[in-house]
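Reader: I'd like to go through this model with you, starting with the overall picture and then moving to single residues. Could you set out the terms as we go?

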Amino acid sequence: ITSKVFSSVYVNIPEIDYNGDIYRSVYGLYNQLRFERPYLHCCIKIIYDHNTKSNSYDQLRIQLGLLGRAHNECAARKRMAFSVIIRTTMSILERADAINTATTNKDRIKNICIEYLDEIKEKAFYSAFLEPSIVYFDFVGDSTNSGDVEVHGSNTYLTLIEATTGIKLPRIPLLEDEVKGVVEFKDAFNPNSLAILHDPINLGKSSRSIPKFIPDFDNYANSGMIFHSSSPRGLARLATNSNIEYRNQRMKWNEYLKPFVYYFSALVILPRLFTIVNDSPGGIEALQEVFNELKASNSNITPIPQDIDDVRYWLWNEDTGSHNYNAIQEIFSLCGVTKPLIN
C-alpha cells in the first residue's frame, strides 16, 4: 500500500517549500529512522485509508511532503515531521473512537472538547511563543533564527512548558536539540504591540493576518531563553531547580507563561467550548440532555430560571448579550471537561 501511495504523489505542494521526488525522499527518511519505522508505516496506512473514504488525498500529500523535506535536514526537522504525522493520525483515530465508543451524552461532549482542546493548545503555543519569536527575528533581519523557530525553537519552548506546568502538547520535543530559534522577546517588544499578538481574538494567527498590526520594539533582546544550557533538557532542569539562585530567572519565565495559560482561563476557554459543542453534529442535543437531567435533579449550583427549558438560553443571556460563565463551567464539569464549580 505504501508503494501505491508514494507512486501517486509526484507533485509540487504549494504549502511546502520542497521540490523533487517525494517517494525517494520519504524512503530515504524511512531508512534513517529506527524504532519509528513501524509507526510511520501505520500512520501512512491510516491516513491513506481515511483519505480514500473522503476521496481526497490532499492530507496525505502534505504529510509526505513534510517527511520528504526533512530527509536531508537536521534531526530536529525529522522529529518535527514525524511528530506532525503522529498528531494527524491520532486526530483521525480519536475522532473515529469518539464516534464509536461514546455511550453517554456526557462522553460525547467530553470527546468533542478533548479534540478541540488539543487544537487550542497548538494555537496557544503558536501565539504565545512561536509567532512573537518569528516577528522579532524578522524585524532584526535574522532570517536564520527566524527559520529555526518552528524546527528548533519549538523544542526549547515545549520542553520548558512541560517541565514547569505539566502541560503536554500534541508534539514530541527533541530534548537534546540545540538551543536556537528562541529569544527573550518580551524584553524587546513594546508591551502594546505584544499584547495584540497575545490577544485571544488573534489566537493562532500569523502577525501578517492581523489587521493593522505593526511590530514595535523598544529594545534588542538576548538570544536564548533566560536559563543557560546547551540543550532543552538542560534548560528544563534549571527551570525546575528550586535553588534560590534561579529564583529571578524562574519568575521571568513565569511572565512568558502567563499569556499561554491565559488562553485556558474561564473567560477565554468556556465560551469557545460552548461554541464548538453547539457547532458539532449531535453536540447541542447531547448538551440539552445533560441540562435536562441537571434541572430535573435540582442539584444545580447556578440558578436555572423556571421558564428556561433550552440549554442555550441558560448558557447565553440574550438580554445582556453575554455568556453565563458559571453555568457553562457547571455543565461542562459534569462532563469531566472543566473543574467543578464550587458553591
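Author: Let me begin with burial: a residue is called buried when its relative accessible area is under 20%, exposed when that area is over 50%, and partly exposed in between, with a 1.4 Å probe and protein chains only. This is a predicted model, in which local features need pLDDT of at least 70 and side-chain atom pairs count only at pLDDT 80 or more, while totals for chains, interfaces and linings use all residues. Residues are numbered from 1 along each chain as its sequence is written, and side-chain values use heavy atoms, with hydrogens and water left out.

Reader: Fine. What share of the 343 residues is buried, then?

Author: Buried residues account for 45% of the chain's 343 residues. The accessible surface, computed by the Shrake-Rupley method with a 1.4 Å probe and, for residues, with only the protein chains shown counting as cover, comes to about 17900 Å² for the chain, and carbon and sulfur atoms supply 51% of that.

Reader: And how many helices and strands does the chain have?

Author: There are 14 helices and 2 strands, where helices (H or I, at least four residues) and strands (E, at least two) are DSSP runs numbered from the N terminus. The C-alpha trace spans about 65 × 55 × 40 Å along its principal axes. If contact is taken as heavy atoms within 4.5 Å, then among contacts between residues at least 6 apart in sequence, 69% join residues at least 24 apart.

Reader: Which residues have the most contacts inside the largest nonpolar core?

Author: A nonpolar core here is a set of buried Ala, Val, Leu, Ile, Met, Phe, Trp, Tyr and Cys residues joined through side-chain atoms within 4.5 Å. The largest one has 66 residues, and F129, W253 and L287 have the most contacts inside it. Helix α6, residues 105–139, gives the largest share of this core, with 15 residues. A second, separate core holds 19 residues, including V26, L40, I85 and I92. As background, in soluble globular proteins nonpolar side chains tend to be buried together.

Reader: Going back to W253, what does it touch beyond its sequence neighbours?

Author: Leaving out residues up to four places away in sequence, W253 touches F129, L160, I161, T164, M225, I226 and F227. I226 is found in the loop between α8 and α9, and it counts as buried because its relative accessible area is 6%.

Reader: Where is K212, and is it buried or exposed?

Author: K212 is found in the loop between α8 and α9, the latter being residues 232–239, and K212 is exposed because its relative accessible area is 81%. K212 also has a positive phi of about 65° without being a glycine.

Reader: Changing topic, which side chain makes a polar contact with Q63?

Author: The side chain of T88 does, at 3.0 Å, where a polar contact is a pair of N or O atoms within 3.5 Å; within protein, one must be able to donate a hydrogen and the other to accept it, and residues adjacent in sequence count only if both atoms are side-chain atoms. Q63 sits in helix α4, residues 58–70, and is buried because its relative accessible area is 6%. Apart from residues up to four places away in sequence, Q63 touches I47, V84, I85 and T88.

Reader: What about H198, and what lies 3.4 Å from its side chain?

Author: A polar atom of the H198 side chain lies 3.4 Å from the backbone oxygen of A128. H198 belongs to helix α8, residues 191–198, and counts as buried because its relative accessibility is 12%. Setting aside neighbours within four places in sequence, H198 is in contact with S127, A128, P132, P259 and Y263.

Reader: Last one: where does Y325 sit, and what does it touch?

Author: Y325 is found in helix α14, residues 325–334, and is partly exposed because its relative accessible area is 29%. Not counting residues up to four places away in sequence, Y325 touches A266, L267, L270 and P271. Y325 and P271 are 54 residues apart in sequence, with their C-alpha atoms 7.7 Å apart in space.
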